[in-house]
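Welcome! Take a look at it first, and then we can walk through it together.

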Amino acid sequence: MRFLLFKLFYGGLNIKILGLVGSPNINGNTAKLVNAILDGAAEKGAEKVIYNLASLNIKGCDACFRCQESGCCAIDDDMQELYHEIQAADTIVLGSPVYMWQMTAQTKLLIDRLTAFLKPDFSSRLDNKKLILVFSQGSSDRDAFKPYFEYTAGLLYYLGFDVLETVIAAGTDNLEVSFRPKLLEKARELGKLVSTSPLTGPEFRNGESSLISLL
């Protein structure tokens, strides 16, 4: 009975995983990694949904601050649908290639609009929703942008996300993700893990099952 309850809550059943791809290349390295994670979760029974941010109409935040009181952004665009999807998801996989040492402009639009999840006292309306960050980079030095990745994870933690992992695919200028089957398989394994693990970010990263060092 205890095993059945664990499966119902943590085994992929009734679990929803949301992929948000911030690359203008809809079939690029970032999209392939995000899809691999979602596919792994789906193998364990999770429902998967994916959006390409470059295909959506998302405007920049206009700093009206009306969202702090109402909890709703006043801008009527495709971000309204993403607010709903983020609230409904158990885990979000947010991916971006590195442009100019940072996430893409498409991804930054999303991040700025997430301010709607903050209350007037700057506490979050989200309840530690699980999140995986995915970055692809041309540089073969995996640690080249480490301070920026850590900063981004900290920002998302502040917004109310429980950041489980930061997946980094380095050297994609020389070898694309499509030609790295072991990398894609490890991403799928991560998706399976996320859909079956009840652990929080620090526990997940420190556990023997963590795959971050392998990606």
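Strand S4, helix H6 (residues 146–158) and strand S5 make a right-handed β-α-β unit. Please keep in mind that this is a predicted model.

- On one side of S4, the buried residues are Lys 129, Leu 131, Leu 133 and Phe 135.

**Strand partners**
- S4 runs parallel to strand S3 (residues 91–97), and 7 bridges join the two.
- Within this pairing, Ile 92 has Leu 131 of S4 as its bridge partner.
- S4 also runs parallel to S5 (residues 161–169), joined to that strand by 8 bridges.
- Here Lys 130 stands opposite Asp 162 of S5.

**Another β-α-β unit**
- S3, helix H5 (residues 105–113) and S4 form a right-handed β-α-β unit.

**Nonpolar cores**
- The largest nonpolar core has 37 residues, and Leu 20, Leu 114, Leu 156 and Phe 161 have the most contacts inside it.
- Elements giving two or more residues to this core include strand S1 (16–21), strand S2 (47–52), helix H4 (79–88) and S4.
- Leaving aside residues up to four places away in sequence, Leu 114 touches Met 79, Ile 86, Leu 156, Leu 159 and Phe 161.
- A second, separate core has 23 residues, among them Ile 15, Leu 164, Val 177 and Leu 190.

Conventions: Residues numbered from 1 in each chain as written. Predicted model: local features only at pLDDT ≥ 70, side-chain atom pairs only at ≥ 80, totals over all residues. Heavy atoms only, no water. Buried < 20%, exposed > 50% of the residue type's maximum accessible area, 1.4 Å probe, protein only. Helix = DSSP H or I, 4+ residues; strand = E, 2+ residues; numbered from the N terminus. Pairing = 2+ DSSP bridges. Right-handed = clockwise from strand over helix to strand, strands pointing away. Core = buried A, V, L, I, M, F, W, Y, C linked by side-chain atoms within 4.5 Å. Contact = heavy atoms within 4.5 Å.
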